[in-house]
Amino acid sequence: MTNYVPTPTILDLLGGTGAPGHTNNQWLTDTMTLYGVDAASHTPNRETVADLADIAGGARVYSGTLLGKTCVSNGSGRVTAAAADLVVAAVSGSQFEYVYIVGDGTGDSDSPVMAFYDTATGLPATPTGAAITHVFSQNGIFYLGA
């Protein structure tokens, strides 16, 4: 498996109409939540995992809200999404193998998956009750376009 950005479009990042099947869920204006997800209770599938409802509640080990979100266009059709590094305090629970970034809707079924990672430094990880820090690349979390 590889990391992928399953649903957003450049319009989603810059304030367009929202991810397919969802409305008004944009990177810059809406709350984005990062979830650590346990592989024992969840199997990623880019064809079927479209929103938070597709990730069982029991598979969600922890969550944290992304802050300091930015989008930068290179002027040639490529937009890069970024956010401040995230520290989630006192994480405990099952080992997690996946990280999902989800746009917060009014419920799980209208909270679209914006990005998914199954390979990253520190994955898989087993919470110990201490804080977990997500350090994002200086090049952004993901990009869309050319």
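## Overall make-up

The chain contains one helix and nine strands, where helices (H or I, at least four residues) and strands (E, at least two) are DSSP runs numbered from the N terminus. Along the sequence the pattern is α-β-β-β-β-β-β-β-β-β. The model is predicted, and local features need pLDDT of at least 70, side-chain atom pairs count only at pLDDT 80 or more, and totals for chains, interfaces and linings use all residues. Residues are numbered from 1 along each chain as its sequence is written, and side-chain values use heavy atoms, with hydrogens and water left out.

Of the 146 residues in the chain, 45% are buried. Buried means under 20% relative accessible area, exposed means over 50%, and partly exposed lies in between (1.4 Å probe, protein chains only).

## The open sheet

Four strands form an open sheet in the order β2-β1-β6-β7, with antiparallel pairing. Two strands are said to pair if DSSP finds at least two bridges between them. The edges are β2 (60–65) and β7 (113–117); each has a single partner strand, so one side of each is left without a neighbour in the sheet. From one strand to the next, the twist averages 20 degrees. This angle is taken between axes, which are lines fitted to C-alpha atoms, for helices over the stretch in contact, and it runs from 0 to 180 degrees between N-to-C directions.

## Strand β6

β6 pairs with two strands of the sheet. Six bridges join β6 to β1 in the antiparallel sense, and G103 of β6 is the bridge partner of M32. Four bridges join β6 to β7, also antiparallel. Across that pairing, V99 stands opposite Y117, and I101 stands opposite A115.

In a regular strand the side chains alternate between the two faces of the sheet. On one side of β6 are Y98, Y100 and V102, on the other V99, I101 and G103, and all of these are buried. The count for the strand is therefore six buried residues out of six.

## The nonpolar core

The largest nonpolar core has 26 residues, and W27, L66 and I101 have the most contacts inside it. Such a core is a set of buried Ala, Val, Leu, Ile, Met, Phe, Trp, Tyr and Cys residues joined through side-chain atoms within 4.5 Å. Two or more residues each come from β1 (32–37), β2, β4 (78–82), β5 (86–88), β6, β7 and β9 (142–145). The strand that gives the most is β7, with three residues.

## The largest pocket

The largest pocket holds about 410 Å³ of space. A pocket is an open set of points on a 1 Å grid over the protein atoms alone, where a 1.4 Å probe fits, with protein on both sides within 12 Å along at least five of seven lines; lining residues have an atom within 4 Å of a point. The volume is the space filled by probe spheres set on the points.

The lining has 18 residues, and Y117, A120, H134, V135 and F136 lie nearest the centre of the pocket. β6 (98–103) and β8 (132–134) each supply at least two lining residues, and the largest share, three residues, comes from β8. By type, 12 lining residues are nonpolar, six are polar and none is charged. Here Ala, Val, Leu, Ile, Met, Phe, Trp, Tyr, Cys and Pro count as nonpolar, Asp, Glu, Lys and Arg as charged, and the others, Gly among them, as polar.

## A loop residue

A39 lies in the loop between β1 and β2. Its relative accessibility is 28%, so A39 counts as partly exposed. A39 and D118 are 79 residues apart along the chain, and their C-alpha atoms are separated by 9.8 Å.
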